[in-house]
Amino acid sequence: MALSQMTTRVPSGLLDTSALRGNVLGLWVIGGVVGTLLVLALGGFLLIRPQQAHTAEVRAQTETAQASVDALRSRLAQVRAQNSRIAEYRSAYQTARAALPTTAALSTFLRSVQSSGSRAGVAVSGLIVGAPSQVNGLGATIYALPITITATGTASKLDGFLNQLQRVQPRAVLVSTANATPNESSNSLRGSVLLTLGLQMYVAPAAAASTD
């Protein structure tokens, strides 16, 4: 048989073009769905994750700001409490300044000593002020003025006078020596007594104003 006469017959239905088209279309649909899912996943990674990080950062900043606000409120409450006691602080400052003034103010101190003597019932007969000397080791410029006071009275009244000097009158003084002898009109310490006190009175001069 000649080759030109040989033919090959394909069974009917083996090459169904409509079925092939359906298969190809199905593959395209599946590919499209998979591609869409990949795009969504990639978009979530590129967009949602950075947004989550930004949200966490904003939340951390908000918490930090809230902590600062709470600390500020606490500080304001402390300031209000201190302001409510400002009169007390001012009084304490004035008391401290009176105890350690910036000038010697000897005339004021003399009047205070005489008033203390009058309240105690003794006669202050003398007050001598020596040369000032600087006190070292206090971290500030402070001078001590040596003062000698003589007063006459009974022992009990002189004891009250000492209490007035150390606790009542405003200036800070340190009693360094005390010598009691019978007064000229008395032969013993049970009568009139002459008391000689050695004191140290302190002064804290204000800092000198700077000049350009």
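## Gln 164 and its surroundings

Setting aside residues up to four places away in sequence, Gln 164 touches Ser 116, Arg 119 and Gln 169. In this predicted model, Gln 164 lies in helix α4, which covers residues 155-168, and its side chain is joined to that of Arg 119 by a polar contact of 2.9 Å.

Is Gln 164 buried or exposed? The relative accessibility of Gln 164 is 14%, and because a residue under 20% is classed as buried, Gln 164 counts as buried.

## How α3 and α4 meet

The axes of helices α3 and α4 come within 8 Å of each other and cross at roughly 140 degrees. Why are the two helices described as oblique rather than roughly antiparallel? An angle has to be over 145 degrees to count as roughly antiparallel, so α3 and α4, crossing at roughly 140 degrees, are oblique to each other. The crossing in which α3 passes α4 is right-handed.

On the α3 side, the contact is made by Val 113, Ser 116, Gly 117, Arg 119 and Ala 120, while α4 contributes Lys 157, Gly 160, Phe 161, Gln 164, Leu 165 and Val 168.

Ala 105 is placed in the loop between α2 (86-99) and α3 (106-120). The phi angle of Ala 105 is near 45 degrees, which is a positive value in a residue other than glycine, and a relative accessible area of 30% makes Ala 105 partly exposed.

## Thr 181 in strand β4

Thr 181 is found in strand β4, which spans residues 173-182, and its relative accessibility of 30% places it in the partly exposed class. Which residues does Thr 181 touch, not counting those up to four places away in sequence? They are Leu 189, Val 193 and Leu 194. For Val 193, which is 12 residues from Thr 181 in sequence, the C-alpha to C-alpha separation is 5.7 Å.

## The chain as a whole

The protein chain contains four helices and five strands, and their order along the sequence is α-α-α-β-β-β-α-β-β. Buried residues make up 17% of the 212 residues. Among contacts in the protein chain with a separation of 6 or more, 64% are between residues 24 or more positions apart.

## Confidence in the model

The average pLDDT of the protein chain is 77, and 70% of the residues score at least 70. Among the elements, strand β3 (residues 142-153) has the highest mean pLDDT, 93, whereas helix α1 (residues 17-83) has the lowest, 70. Over residues 208-212 the pLDDT stays under 50, and for this stretch the model has zero contacts beyond four places in sequence.

Methods: Residues numbered from 1 in each chain as written. Predicted model: local features only at pLDDT ≥ 70, side-chain atom pairs only at ≥ 80, totals over all residues. Heavy atoms only, no water. pLDDT = per-residue confidence, 0-100. Contact = heavy atoms within 4.5 Å. Buried < 20%, exposed > 50% of the residue type's maximum accessible area, 1.4 Å probe, protein only. Polar contact = N/O pair within 3.5 Å; in protein donor to acceptor, adjacent residues only side chain to side chain. Axes fitted to C-alpha atoms, helices over the stretch in contact; angles between N-to-C directions. Parallel < 35°, antiparallel > 145°, perpendicular 65-115°, else oblique. Left-handed = near helix turned anticlockwise from the far one by under 90°.
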